[in-house]
Amino acid sequence: MFQCCFKVLLCIGCIAFFLLLNSLLHIRCHVPLKLIRALLYGIINHRSRTFANDRQHVFPSMTSSRMEDKLEFRGNQLLESLAVPPRIVAAFKKAGLVHIRCVLNHSASDLARKTGLSRREIDNVLVLLSKIALPRGGTPSNALELHQEESRQPNQGRLTTGCQVIDSHLCGGLLVQGITEIAGISAAGKTQLCLQLCLTVQLPKDAGGLAGGAVYVCTEDAFPNKRLLQLSNSFARKYCHIGMTAKQLTDSIYIEHAANISTLSVLLKFKLPLLLAEKCLRLVVIDSLAALFRVEFSYQQISQRAQLLQAFGAQLHSFADQYGVAVVCVNQVTSEVGGGLKPSLGLAWANMVTTRFIVQRDETLHDSEMLEVS
């Protein structure tokens, strides 16, 4: 700061000297004016670079840290608050690494070079910090361990839709972990299928269910209570041998309304984690995600929409992984340039989807054929 003030004063003195010289000699001197402009430009540039460096030092990786706050990432904890030997904490402090996030953003070789610690000490620290940063707080698993776990529990990774034809195309039902998208035109049966999933999720695990309740987030119209009551009565009659009643089925479905993106953001960040932690819930339905994002964002804000969609998708993936729930998002369709229809929300959302399920109406089917399929 002192150097910058000194340079400004020096520049003012030069300007005054050249102006006095021009007035005494009664001549126009263009070279000193160009020199003054160059000096001013250099000082301003130097100050802007200094401010940018200071800002980057005080607020490192603002975009990534803002995303981590949305995902409730625990990377802002200090190393001093952890069970790490003081000698290792001092070495990381000397290297300018005081938070978990800063350490995990570097590779093991970079950390060893910056801190001067051995590779074994670095590996032990990384394992400890990974356990704290991961949502489950556990040790990362390799592909073989995941395969062996799925082999021991073959029926835990799927949720039946209640329709044998659809289940056969989905290899047994909807995936529990990940995001399942149900897209289609209006009145194609998307909401009907979601309501049916809210009932099938309450079935016992040996019957294709997950023995838990559901959360239904409604963003478009009012929740179809009448249709849900009709389905629950039919469902109770079908599964009366396992003691299910219509009242029990409807009591295990929690309804939330989100009229805008701000409400949905609060719901995903605060309300939904509390529900998943306190209640035995195994299904989350958002009907629909496109209704909010296609209205509140213009074409000029497409990059902001993509960032927010990725943040919401990452949050839903964390719910599926942390609580073992199935996540279903309803999407609308849009017209393609060459003709035909495709799911909306673009490539940013498509990359977050694990399974895409497109439904459509076939007007050529007769009532008897539709009854046979259902």
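The model is predicted: local features need pLDDT of at least 70, side-chain atom pairs count only at pLDDT 80 or more, and totals for chains, interfaces and linings use all residues. Residues are numbered from 1 along each chain as its sequence is written, and side-chain values use heavy atoms, with hydrogens and water left out.

## Overall composition

The protein chain has 17 helices and ten strands. Helices (H or I, at least four residues) and strands (E, at least two) are DSSP runs, numbered from the N terminus. Of its 374 residues, 36% count as buried. Buried means under 20% relative accessible area, exposed over 50%, and partly exposed in between (1.4 Å probe, protein chains only). Among contacts between residues at least 6 apart in sequence, 68% join residues at least 24 apart; contact means heavy atoms within 4.5 Å.

## Selected residues

| Residue | Relative accessible area | Class |
|---|---|---|
| Thr219 | 10% | buried |
| Leu281 | 4% | buried |
| Thr200 | 1% | buried |
| Arg356 | 35% | partly exposed |
| Cys171 | 63% | exposed |

Thr219 sits in the loop between strand S4 (213-218) and helix H11 (225-238). Not counting residues up to four places away in sequence, Thr219 touches Ala258, Asp287, Ser288, Ala291 and Leu292.

Leu281 belongs to strand S6. Beyond four places in sequence, Leu281 touches Gly213, Ala214, Val215, Ser252, Tyr254, Leu275, Leu276 and Val325.

Thr200 is in helix H10 (residues 190-200). Leaving out residues up to four places away in sequence, the residues that Thr200 touches include Leu159, Gly209, Leu210 and Phe235.

Arg356 is placed in strand S10 (residues 355-359). Its side chain makes a polar contact of 2.4 Å with the side chain of Glu181. Neighbours within four places in sequence aside, Arg356 is in contact with Glu181, Pro343, Trp349 and Ala350. Arg356 and Ile182 are 174 residues apart in sequence, with 6.3 Å between their C-alpha atoms.

## Helix H13

Helix H13 (residues 261-278) has 18 residues, which should span 26 Å at 1.5 Å a residue; its end C-alpha atoms are 25 Å apart, which agrees. The expected span is 1.5 Å times one less than the number of residues. H13 has a kink of about 45 degrees centred on Leu267, where the bend at a residue is the angle between axes fitted to the seven residues ending there and the seven starting there.

At the N-terminal end, Asn260 caps H13, with a side-chain oxygen 3.3 Å from the backbone nitrogen of Ser262. The buried residues of H13 are Ile261, Leu264, Leu267, Leu268, Leu272, Pro273, Leu275 and Leu276. Their cover includes S4, strand S5 (253-257), strand S6 (281-287), H14 and H15.

## Aromatic pairs

The whole structure holds four aromatic pairs. Rings of Phe, Tyr and Trp (its six-membered ring) pair if their centres lie within 6.5 Å; planes under 30 degrees apart count as stacked, over 60 as edge-to-face and the rest as tilted. One of the pairs is Phe293 with Phe312: the ring centres are 5.7 Å apart and the planes at 80 degrees, so the pair is edge-to-face. This pair links distant parts of the chain, with Phe293 in helix H14 (residues 290-296) and Phe312 in helix H15 (residues 302-323), 19 residues apart. Phe293 and Phe312 are both buried.

Another pair is Phe319 with Tyr323, which is tilted because the ring centres are 6.3 Å apart and the planes are at 50 degrees. Both residues lie in H15, four residues apart, about one turn of the helix. Phe319 is buried at 3% relative accessible area, whereas Tyr323 is partly exposed at 25%.

## Cysteines

The count of disulfides is zero, a disulfide being a pair of cysteine sulfur atoms within 2.5 Å. The sulfur of Cys329 has its closest cysteine sulfur in Cys194, 9.1 Å away, which is too far for a bond. Cys329 is buried, with a relative accessible area of 1%.

Technical notes:
A polar contact is a pair of N or O atoms within 3.5 Å; within protein, one must be able to donate a hydrogen and the other to accept it, and residues adjacent in sequence count only if both atoms are side-chain atoms.
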